[in-house]
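Let's take a walk through a protein model together.

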Amino acid sequence: MDQLSTQTIQQRQHPSASAFITREICCTLCFIFILISSIIVLNLGSSSKSLPLFRFDHFFPRKPAIFHHRPPLRPCDYSHGQWVRLHHKYPVQLYDENCPFLDPGFRCRRNGRKNVEYLKWRWQPHDCYVPRFNATDFLERSRNGRIVFAGDSMGRNQWESLLCMLAQAVSNKSAIFEENGSPITKHKGFLSMKFQDYNLTVEYYRTPFIVVLGRRPITAPAQVKVIVKVDQLHWRSQQWKGANVIVFNTGHWWNKEKIAKMGCYFQEGGTVNMTMDTMEGFTRFLKTLMTWITTNLNPQRTHVFIRTHSPVHFMNGTWDDGGVCDAETEPEKDEKQLKPESWNNQYIGNMTKEMNNGKWKVRLLNITYLTGFRKDGHPSKYREPGTLPVAPQDCSHWCLPGVPDTWNQILYAHLLSMQFRTE
């Protein structure tokens, strides 16, 4: 009893003990709260690189995000880089010459070419990467849509390449067919390949100048053989409306020497201008194309690409006087040997920059520099069956599979960066 009384007396004598403990707990909790709040504020206001000690993922590791394709972290210049040799025993390619959508003139190995070194290179841009081409993803993004190529036969090269690249994701090749029953060997007019499982058409329109190439007016001077109507797009342009992707290619025919040899002059406003040179004619054409895009296309629906021309590689001659390229077996290594940037590429670049300042999805697909190295990729003397031995070598077009596959890989990369997907 006495002990109990003593304890009671002691507790009464020290009433502040429990209060002291409570205050210490409160102070500790306040300090922890302030510390955590400071860390949160610092993380919100600073990058993870500048304050690595305050990153919560050191304590609570994040699961890495999974992407089917790593999207480019920033806009990339795919046009400049270098060709890197693939260190594999066999060529790495997305398809082979058994693809049923290849023109006979592009099947170089079937036409007798033994050397396959031209298939063992990939393009590596200087400051970024080219995403791996995924045919299934491309088809899904394009479902219920239309992809249009309009231009010259180099555009056909790219079109056939894309057909074969996409076809690898379709097990039943009979579900890919030309809508009008035309053979792949048709070279005039247009071809429209239907990917039935995806309700997608991939179309090609042969329009070398994109604007109208017409007969000489009766009243024109004798030196006028043909005219280019720089203020009037090709009449097939009505069929390009509503496409989800349009790839224009031009420049190959806008060549001063070629136009002069053709006896070609420019017409504007119904009048043949005998003094308009190629550069001025090209500028007028670009203005016509820009006007057509802004008045006929939906900027929310259509992605437009203007592809620059692909260089030719004639050794000891030109395209019409016996130039050759069959001895070339690897890419050019000396950048100084490449031709300088062409004037029409600069004009196209200025146009796309002007249009991208607004709401239009217009991109420059600049393949001239990267293609300039590939003197080894032409059909050369390995042309389609039946070609006469005395016929000039083809040092303008490209073997397939081959260099145009890289053009389409870059096209796909641009579409990924633009978050392309049909509605």
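This is a predicted model: local features need pLDDT of at least 70, side-chain atom pairs count only at pLDDT 80 or more; totals for chains, interfaces and linings use all residues.

Start with helix α4 (residues 153–167) and helix α9 (residues 403–417), whose axes come within 9 Å and cross at roughly 70 degrees. Angles from 65 to 115 degrees count as roughly perpendicular, so that is how α4 sits relative to α9. Where they touch, α4 residues including M154, L162 and M165 meet α9 residues including P404, W407 and L411. By class, this contact has six nonpolar, five polar and one charged residues.

The largest nonpolar core has 55 residues, and F149, W159, F195 and V202 have the most contacts inside it. Helix α9 turns up again here, giving the most to this core with eight residues. Zoom in on W159: setting aside neighbours within four places in sequence, its contacts include F149, I184, L191 and V202. There's also a second, separate core of 35 residues, with F190 and M276 among them.

Finally, the disulfides: the structure holds four. One of them links C99 and C164, with the sulfur atoms 2.0 Å apart. C99 lies in the loop between β1 and β2 and C164 in helix α4, so this pair ties together parts that are 65 residues apart in sequence. Both cysteines, C99 and C164, are buried. Another disulfide joins C325 and C395, with sulfur atoms 2.1 Å apart, and this link is left-handed, with -100 degrees about the S-S bond. C325 and C395 are both buried too.

Note on methods. Residues are numbered from 1 along each chain as its sequence is written. Side-chain values use heavy atoms; hydrogens and water are left out. Axes are lines fitted to C-alpha atoms, for helices over the stretch in contact, and angles run from 0 to 180 degrees between N-to-C directions. Helices (H or I, at least four residues) and strands (E, at least two) are DSSP runs, numbered from the N terminus. Angles under 35 degrees count as roughly parallel, over 145 as roughly antiparallel, 65 to 115 as roughly perpendicular and the rest as oblique. Contact means heavy atoms within 4.5 Å. Ala, Val, Leu, Ile, Met, Phe, Trp, Tyr, Cys and Pro count as nonpolar, Asp, Glu, Lys and Arg as charged, and the others, Gly among them, as polar. A nonpolar core is a set of buried Ala, Val, Leu, Ile, Met, Phe, Trp, Tyr and Cys residues joined through side-chain atoms within 4.5 Å. Buried means under 20% relative accessible area, exposed over 50%, partly exposed in between (1.4 Å probe, protein chains only). A disulfide is a pair of cysteine sulfur atoms within 2.5 Å.
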